[in-house]
Amino acid sequence: MGLQPKKALTFIKQELKDWETLGVNGHEHAQRPWLYYHKLSKGILAKIVGAKPVEVVAMNQLTINLHLMMVSFYRPKKQRYKIITEAGAFSSDQYALESQLKFHGLDLDDALIELKPRDGEYTLRTDDILQTIERTGSALALILLGGVQYYTGQFFDIKNITAAGHKAGALVGFDLAHAVGNVTLQLHNDNVDFAVWCSYKYLNSGPGGIAGAFIHEQHFENKDLPRFAGWWGHEEQARFEMKKGFKPIEGADGWQVSNVPIFQAAAHLASLEIFKRAGMNSLRKKSMLLTGYLEYLLKQIDPEEKHFKIITPPNPEERGAQLSIFFNNDGKRIFNALSRQNIFVDWRNPNVIRLAPVPLYNTFQEVFRFSKILQSLIRNYKRIESVS
Ligand SMILES: Cc1ncc(COP(=O)(O)O)c(C=O)c1O
């Protein structure tokens, strides 16, 4: 959960005030008219994910967007129906995939191919991913992976995976929950077919914050693409004519279903303004240094990996602002002790603490202080162990 932007309150208050004073007329006359609110985030979102503004839209929640994308881009045929995903994907993605396969009357065990790290390894080798894609060949309908794997922090090779998927005749989508606002993305140039993300992690837009979707412009020409429609995706000028016959807005906006949740969108805008000022390139540069510094300090604490092992890839190009550390013993005690000191890290079963030094608001001093606290906890932990 990303921190609250200082301006979030001002942005939300503005909408409350416009609602209070204008009522329904806020749709047209609010300082930021509600009818067009989704357009305000386009420019900066496009920069953050490496897309054209017409290819992105802020809407709904991540898993809802994933379902909407799969309605359009997972069209299983008799021969071509398989989906490649990562084993141990975030639960919501697993459930979305499972339910989509059931919806199409397909057998999960047959249709779903899960990529697993080799024995004794934690992350996937790109070559292994590419080989599985090639092997699945004409049976492959869709590849759906996280951009940054939530558990290990591995940043997948989006460009080469997408190219391999296309070569096999499949479509390729990414869940960017842990990648958006974290790593440099080039969705348009990498020819990704679709992507979805949430905004409450690195995009700092608050709990249940409005999510986003990317659809590559090459799909805009295909008017036969099925989609689940609603009035907010219908041609803007004709939206209130209430006539039969859905005509989608050109671009990602045509995938909208419902009207914009303005308070969530307001917090989102407040945050995006910060990204506009900071710029993804500067953030990524600092992020690589900050995560590298944390990695260096962690290795000093436990050079022989007696207590923990960093399972996130060591190559800065293959990770974002995250290091996942796997504890040999009861890491939960370390996690609880860190929490008691108000250090916000994340626990994942069976024995992983995820650390996210966020370049937008974490400092090198904080990373240093954290390492000293962790070191002293591990020393104490050792003493407790040797006594018991
Ligand atoms: C990788 C990933 N996918 C999906 C989700 C679920 O998203 P939502 O509840 O916003 O649909 C999360 C939430 O943390 C996530 O980390």
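The face of helix α6 turned away from its buried side carries Tyr-95, Lys-102 and Phe-103, which are exposed (over 50% relative accessible area; buried is under 20% and partly exposed in between, with a 1.4 Å probe and protein chains only). The model is predicted: local features need pLDDT of at least 70 and side-chain atom pairs count only at pLDDT 80 or more, while totals for chains, interfaces and linings use all residues. Residues are numbered from 1 along each chain as its sequence is written, and side-chain values use heavy atoms, with hydrogens and water left out.

Helices (H or I, at least four residues) and strands (E, at least two) are DSSP runs numbered from the N terminus. Helix α6 comprises residues 91–103. Asp-93, Ala-96, Leu-97, Gln-100 and Leu-101 of α6 are buried. These residues lie on the same side of α6 because they cover an arc of only 125 degrees around the axis, the arc being that of the directions from the helix axis to the C-beta atoms. The buried residues of α6 pack against α5, β2, α7, β3, β4 and β5 (contact: heavy atoms within 4.5 Å). Gly-105, which follows α6, has a positive phi near 75 degrees.

Together with Lys-299, Glu-295 and Arg-319 are linked in a network of salt bridges.

How values were computed. The expected span of a helix is 1.5 Å times one less than its number of residues. A salt bridge is a side-chain nitrogen of Lys or Arg within 4 Å of a carboxyl oxygen of Asp or Glu.
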